[in-house]
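Please look at the sequence and the structure before reading on.

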Amino acid sequence: FRRALSFELQPPLYFTTLSVWRELSDSLLVARLFSTLCTTGALVVLWMASRRYLPSMNPCVTLSVAAWNPFVIYAATEARCYALVLLISCGLLVLWHDGFLANQPRRSSRFGYFVLSCMAMFTFYPLGLLLAAGGLALVGLRRWRAVGDYALVAIGVTVCFLPLAWLVPSQVATHTESNVVPPSMLAAARLVFWHIRNIVLPMHW
């Protein structure tokens with residue numbers, strides 16, 4: 001857990017979980033197997049989400065599109081956090097629906113959403129955007145009672161995240177201290193464009 005905080009600019013839950021998982025074997029195959037299982041679980045949960053959000057569509061369509069997505073295949077075969085992120089994201093969609101959007105919301109789903117949200121914040125910082133989107137969607141739908149319940153969950157997640165939030169500034173400093181700050185807005189724009197080009201275009205270009 002301690003080493004994970006300085007390993008990458010990410011929360012430590014995935015790395016800690018993988019470390020425990022690799023007690024089975026330190027082979028790369030076993031490390032990647034964790035991602036394969038997480039991706040398989042994500043597809044199963046996505047089937048459940050599809051039946052909730054798109055009841056008139058055959059879930060096989062959604063499942064086929066997701067299963068053959070190149071990023072999903074990549075996530076399933078690499079020893080990185082993205083497969084776990086997919087699993088958590090799909091789980092949040094199902095629990096958000098059952099706990100806040102359904103005609104008869106379930107308290108157990110709200111509690112599950114709270115637990116999974118805490119796991120999300122300790123796994124991948126950008127998942128916080130998904131949690132924010134859940135609250136904004138309820139506001140947009142004018143589900144005011146659900147908004148109040150969601151706010152309580154959000155407060156609980158924030159309190160649980162505070163110990164890690166205290167460490168985030170030092171974590172960011174560790175990963176940025178060697179980088180040169182762009183001297184101007186134009187230089188910053190060029191740097192952003194370079195990163196976008198580096199991600200979008202093939203390396204040999």
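The questions that follow concern the nonpolar core and the packing of helices.

Author: This is a predicted model, in which local features need pLDDT of at least 70 and side-chain atom pairs count only at pLDDT 80 or more, while totals for chains, interfaces and linings use all residues. Residues are numbered from 1 along each chain as its sequence is written, and side-chain values use heavy atoms, with hydrogens and water left out.

Reader: Which residues touch the most other members of the largest nonpolar core?

Author: A nonpolar core is a set of buried Ala, Val, Leu, Ile, Met, Phe, Trp, Tyr and Cys residues joined through side-chain atoms within 4.5 Å, where buried means under 20% relative accessible area with a 1.4 Å probe, protein chains only. Among the 34 residues of the largest such core, the ones that touch the most other members are F100 and Y113.

Reader: Which helix supplies the largest share of this core?

Author: Helices are DSSP runs (H or I, at least four residues), numbered from the N terminus. Several helices each supply at least two residues of this core, including α3 (28-53) and α9 (144-165). The largest share, eight residues, comes from α6.

Reader: How are α3 and α6 oriented to each other?

Author: Axes are lines fitted to C-alpha atoms over the stretch in contact (heavy atoms within 4.5 Å), and angles run from 0 to 180 degrees between N-to-C directions. The axes of α3 and α6 lie 8 Å apart, at an angle of about 25°. Angles under 35 degrees count as roughly parallel, and α3 and α6 are therefore roughly parallel.

Key. Buried < 20%, exposed > 50% of the residue type's maximum accessible area, 1.4 Å probe, protein only. Parallel < 35°, antiparallel > 145°, perpendicular 65-115°, else oblique.
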